[in-house]
Amino acid sequence: MTCGEAEPLLPLVADGVLDPDGDPALFAHLARCQSCQESLARHDLVTLALERAPRPAPRTIRIPWPVAVAAAASLVLGVGAWLWPGADAAAAQPTGPVVHRLPGAEGEAPLYLIEGEQGGVVVDPSAIDGGSEAGAAGAVPVNLRRR
Ligand SMILES: [Zn+2]
C-alpha cells in the first residue's frame, strides 16, 4: 500500500470504522509510515474537535400558512369563546370557522378573515409565514356580530 492509497482511508480509521482486521494492509502501512501516522493524528484531532463542537441549532420549521392560519384561528376563537360571557357550550354550534379571502391593498398580499361564532380575526399570511409566534400575535380581532 502506498501513502496515496492510505490517505483517503485515514478518516475512517480516525472514526473507528476501519480496524486492523478490516484492512490489514492499511494498518501494516500505518505501522511503518511516519507520514501517514502524522496524518492520522491530524484526523484524530479533527474528529475529537467535531465531537466536542456544539451541536447546530435545530432548523426552524416552516409551517404552510393555511396550517398556521387554522392554528391561529383555533387559538384566537378558543380564547374568544372563553372570554365572551354570553358564550356557553349550549349556545356553541358545531360549525367550524369560515375563512374569507380579502383582497389586499394595491400591491399588497391578500388578507384572510377567519369568522367564527364569537367574531373573527384578520390574518396577514405574510406575518405568519414561517410559523413563528408573531403570526398569532399579528392576528387582529374583529367584531362580526350581525343582526
Ligand atoms: Zn504512508
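These legends describe close-up views of a predicted model. Local features are given for pLDDT of at least 70 and side-chain atom pairs count only at pLDDT 80 or more, while totals for chains, interfaces and linings use all residues. Residues are numbered from 1 along each chain as its sequence is written.

View 1. C3 belongs to helix α1, which spans residues 3–6. Helices (H or I, at least four residues) and strands (E, at least two) are DSSP runs, numbered from the N terminus. C3 counts as exposed because it has 11 C-beta neighbours inside 10 Å. By definition, a residue with 20 or more other C-beta atoms within 10 Å of its own is buried, one with 12 or fewer is exposed, and one in between is partly exposed; C-beta atoms are placed from the backbone. Neighbours within four places in sequence aside, the contacts of C3 are C33, S35 and C36 (contact: C-beta atoms, placed from the backbone, within 7 Å). A distance of 9.4 Å separates the C-alpha atoms of C3 and L26, which are 23 residues apart along the chain.

**View 2. The largest nonpolar core.** The largest nonpolar core has 10 residues: W65, A68, V69, A72, A73, V76, Y112, I114, V121 and V123. Such a core is a set of buried Ala, Val, Leu, Ile, Met, Phe, Trp, Tyr and Cys residues joined through C-beta atoms within 7 Å. Two or more of its residues come from each of α5 (65–83), β2 (111–116) and β3 (119–123). The most, six residues, are given by α5. A second, separate core has seven residues, among them L10, V13, L26 and L30. In soluble globular proteins, nonpolar side chains tend to be buried together.

**View 3. The two faces of strand β2.** Side chains alternate along β2.

**View 4. Pairing of β2 with β1.** Strand β1 (residues 98–102) runs antiparallel to β2, and five bridges join them. Strands pair if DSSP finds at least two bridges between them. V98 has E115 as its bridge partner in β2, and H100 has L113.

**View 5. The β2–β3 hairpin.** β2 and β3 form a hairpin, with two residues between them. The two strands are antiparallel and joined by five bridges. Opposite I114 stands V121 in β3; both I114 and V121 are in the largest nonpolar core.

Conventions. Two residues are in contact if their C-beta atoms, placed from the backbone, lie within 7 Å.
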